[in-house]
Amino acid sequence: MTQGKKQRFGRPYIETYYRDTLVSNVERPSLEGQEKTEICVIGGGLAGLSTALGLVEKGKKVTLIESNRIGWGASGRNGGFVAKGYSASHERLVKKVGLERAQDLHRLAIKARSDIYNRIEEYNIECEPVRRGVLGVSWNQGRDVRDHIEFMDKNFDVTLEYWSKDKVREACQTTQYHDGYFADEDFQFHPLNYVHGLARIIEEKGGVIYEGTRAEKVEEKALGTGQGYIVRTPQGSIECDQVVLCCSIYINGISQKLKYASFPVYTYVMVTKPIPEELLENSLNTEYAVFDNRYAQDYYRRLPDNRILWGGRVSVKGVPENLAQIMTDDLIKIYPQLQDVVEPEYAWGGKLCYAPHKMPQIGQMKPGYWYNTCFGGHGLVPTAVGGDVVSSAIANGDERYKLFAPFSKPNFAGGPISPYVAQSVYYLWRARDVMKSLKKRSCASVVDKKEAA
Ligand SMILES: Cc1cc2nc3c(=O)[nH]c(=O)nc-3n(C[C@H](O)[C@H](O)[C@H](O)COP(=O)(O)OP(=O)(O)OC[C@H]3O[C@@H](n4cnc5c(N)ncnc54)[C@H](O)[C@@H]3O)c2cc1C
């Protein structure tokens, strides 16, 4: 192996709360020269790192390359909600593939969520706070929450705890929400510290990681045979038996097929300055992570130093200059009592990779040429699913990855117009949220009047 010099190419981390609270910011060298390995993983987000870890745990020789820093993309910028399921809802999955296959996919996600939790404990990864418990709150009055709880219990054997309006309002002191449900096994963590923890373990187990190393091209060693590949980088190359593409929306020249099978969507996070404890007690009076049930939802949580991390919105237009203000206004709409105290300290955006069906794309283009990508806005658990099924397929011939076959054919997703379609769908969702809310509120007032009479 040619050991690369400690030289930095690629982009540094953008300014985020996570970057500024990294417990260990180990930089890796760029690849210079030629190298041989069994498997080359391209992309150092959670899809790539989970795949690489699964492979080294199974005794495989792995090299992972990342264009920038590990976790530079969505994996180091997200909300930190580690929740079961995929970007497509359980309800949508059942419609799309039937109950049995949806149950199989769900079981993979439940296992992956436990794998993440167990890895944090087993390998002592410092990515606190690792707080169990996520609260889903309802924007509207009605049966939405109860219907969802019943659906999950009946079809997926998941017990969600029903929270009355009073209980929700004790935790989230706002008049916006009605009832809710509590998922005790979902949790929250510091994603960039988790990323660095996974990288450390991969290296401890013999894997090699290069940062600032962009894969420019993947060539077959002998055309059409699938008998090995050469990954070309600006200053070197990696000869390997198998390749796994985990490039998300940054895939560009590596695979036109994958590039055109997905589209980018931006989404955003804001982190406030620390807020006095007594003011938090009168607003966000819970340490559980919270999200609402609108299509265009808000999600948020308290950080250990009494800040609020606030996430939401999607757009195709990049990161607006006044993002901090936009997100702060969103927070104040829900918690007006914080109006005079909330000050944003960080605000950032990140790019998501979506396919029209909102499910990951996991499969093989040709023998030994794998892809594990397109996790959308709900990717922390699914990237661990992808890492599990792809590494098991490569190491043990496990065929669970085929459960993703209905979603994994890289079909054309609309090319340059697809982000605009996505933006229109988002506006439509927001309009539906408003309509639904108005409808439910007018029904509720009719009921109230009848009761009063
Ligand atoms: C603001 C925001 C909030 C979110 N909140 C949550 C949340 O709370 N819960 C949740 O479950 N999900 C959340 N998500 C989604 C989740 O973060 C993603 O689904 C997941 O991290 C995707 O992981 P990935 O590895 O596929 O992609 P990424 O993390 O984007 O990684 C891809 C990596 O591949 C590298 N790369 C690409 N091409 C090459 C190449 N040719 N050579 C070398 N390297 C390459 C890139 O530089 C990048 O680092 C959020 C995302 C964002 C942006």
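Predicted model: local features only at pLDDT ≥ 70, side-chain atom pairs only at ≥ 80, totals over all residues.
Residues are numbered from 1 along each chain as its sequence is written.

**Exercise 1. The two domains**

Find the domains of the protein chain and describe how they touch.

Solution. 
- Step 1: Begin with the bounds, which come from an automatic or database domain assignment. The assignment gives domain 1 (17–78 + 192–262 + 356–411) and domain 2 (131–187 + 263–352 + 414–446).
- Step 2: Next, look at the spacing. The centres of domain 1 and domain 2, taken over C-alpha atoms, are separated by 31 Å.
- Step 3: Now look for contacts (C-beta atoms, placed from the backbone, within 7 Å). Ten residues of domain 1 are in contact with eleven residues of domain 2.
- Step 4: Sort the domain 1 side of this meeting by class: four residues are nonpolar, five polar and one charged. Here Ala, Val, Leu, Ile, Met, Phe, Trp, Tyr, Cys and Pro count as nonpolar, Asp, Glu, Lys and Arg as charged, and the others, Gly among them, as polar.

**Exercise 2. The shell around the ligand**

How many residues surround the ligand, and which elements supply them?

Solution. 
- Step 1: The ligand is surrounded by 42 residues, and the closest are G45, G73, G79, G350 and G379.
- Step 2: By class, the shell holds 18 nonpolar, 21 polar and three charged residues.
- Step 3: Helices (H or I, at least four residues) and strands (E, at least two) are DSSP runs, numbered from the N terminus. At least two shell residues come from each of α2 (46–57), β11 (263–272), β15 (344–354) and α11 (380–396).
- Step 4: Go back to the domains: domain 1 and domain 2 each give at least three residues to the shell.

**Exercise 3. A closer look at G73**

Is G73 buried or exposed, and which residues does G73 contact?

Solution. 
- Step 1: Place G73 in the chain; G73 sits in the loop between β2 and β3.
- Step 2: Count its surroundings. A residue is buried if 20 or more other C-beta atoms lie within 10 Å of its own, exposed if 12 or fewer, and partly exposed in between, with C-beta atoms placed from the backbone. G73 is buried because 27 other C-beta atoms lie within 10 Å.
- Step 3: Leaving aside neighbours within four places in sequence, G73 contacts G45, S248, Y250, G350 and K351.
- Step 4: Compare sequence with space: G73 and I249 are 176 residues apart in sequence, with 9.3 Å from C-alpha to C-alpha.

**Exercise 4. Core and strands**

Solution. 
- Step 1: A nonpolar core is a set of buried Ala, Val, Leu, Ile, Met, Phe, Trp, Tyr and Cys residues joined through C-beta atoms within 7 Å. The largest has 124 residues, and I42, V243 and L245 touch the most other members.
- Step 2: Helix α11 gives the most to this core, with eight residues.
- Step 3: Strands pair if DSSP finds at least two bridges between them. Strand β1 (residues 33–42) runs parallel to β2, joined by four bridges, and I39 stands opposite V62 in β2.
- Step 4: Check both faces of β2 (residues 62–65): V62 and L64 on one side and T63 and I65 on the other are all buried.

Definitions and conventions:
Near = placed C-beta within 6 Å.
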